[in-house]
Amino acid sequence: LFMALSTLTFAVMALIVAVLGKHIVSFEIVFCRFFVSLAVVSVLLRRKHVDPWGHPRYRKLLVARGVLGYISSACAYYGLTHLPLADATVLIYIKPIMVLLLSRVVLGERMSWVGIASAPIALVGVLLVSRSSPSSSSDAHSGLDGHHHGMDFDSRPELPRGSHLMAVVVTLTSAACSSFSMLIVRRLRSVDPLCVVFYFS
């Protein structure tokens, strides 16, 4: 239930970021996101009487999780504001496959046959997005007569080929950093979740 709620929240967030990206740069959105998060989690920590810095034993992991989380968010917002919303979302959601592979390599966890089968399919999706033309993406959202119907969340200046590829790489970097941060969170199971979020803020 919480995972489903998290996915729904991310979808709404991605939509909002894509809309805001037409008016302000992605780093301003990142600043607002972390400012609000820090304010909220600080109040919750105070109410629960939890030390925001956590046990000294886990502080290095908490700092690493916070740094990776920040890089992941900054890169994700860049992708959401420079790529078509659908393309950026596909690239960001490669994260579960990365976590699956890294958990096998880093944590030694077993991979299910579903995960093994999903990995190459996800890779094909990434290749299709990275090789797609920015102009063809915008054309796909237009009607045959060249008119848009309803709200268009992807109306943004076309990126040159090199800039498009850079946006793809940056978005994949977001997925990679987020994947590593998930592995760190797995090691922080004994730490209060609010403390983990505090370092992420």
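View 1. The largest pocket holds about 1500 Å³ of space, where a pocket is an open set of points on a 1 Å grid over the protein atoms alone, at which a 1.4 Å probe fits, with protein on both sides within 12 Å along at least five of seven lines. Its volume is the space filled by probe spheres set on the points, which are joined across faces, edges and corners. The pocket is lined by 37 residues, with Ser6, Arg65, Lys95, Met182 and Phe200 nearest its centre, a lining residue being one that has an atom within 4 Å of a point. Two or more lining residues come from each of helix 1 (2-20), helix 3 (59-82), helix 5 (95-106), helix 8 (161-187) and helix 9 (193-200), and helix 8 supplies the largest share, 8 residues. By class, the lining divides into 20 nonpolar, 10 polar and 7 charged residues, with Ala, Val, Leu, Ile, Met, Phe, Trp, Tyr, Cys and Pro taken as nonpolar, Asp, Glu, Lys and Arg as charged, and the others, Gly among them, as polar.

**View 2. The nonpolar cores.** The largest nonpolar core has 28 residues, and Tyr77, Leu80 and Leu83 have the most contacts inside it; such a core is a set of buried Ala, Val, Leu, Ile, Met, Phe, Trp, Tyr and Cys residues joined through side-chain atoms within 4.5 Å, and buried means under 20% relative accessible area with a 1.4 Å probe, protein chains only. Among the elements that give two or more residues to this core are helix 2 (26-48), helix 4 (85-92) and helix 6 (113-131), while helix 3 gives the largest share, 6 residues. Apart from this core lies another, of 12 residues, including Leu45, Tyr58, Leu188 and Phe198.

**View 3. Glycine 79 in helix 3.** Glycine 79 lies in helix 3, a helix being a DSSP run of H or I with at least four residues, numbered from the N terminus. Glycine 79 is buried, with a relative accessible area of 0%. Leaving aside neighbours within four places in sequence, glycine 79 is in contact with Ala88 and Thr171, contact meaning heavy atoms within 4.5 Å. The C-alpha atoms of glycine 79 and leucine 172, which are 93 residues apart along the chain, are separated by 8.8 Å.

**Basis of the views.** Residues are numbered from 1 along each chain as its sequence is written, and side-chain values use heavy atoms, with hydrogens and water left out. In this predicted model, local features need pLDDT of at least 70 and side-chain atom pairs count only at pLDDT 80 or more, whereas totals for chains, interfaces and linings use all residues.

Technical notes
Buried means under 20% relative accessible area, exposed over 50%, partly exposed in between (1.4 Å probe, protein chains only).
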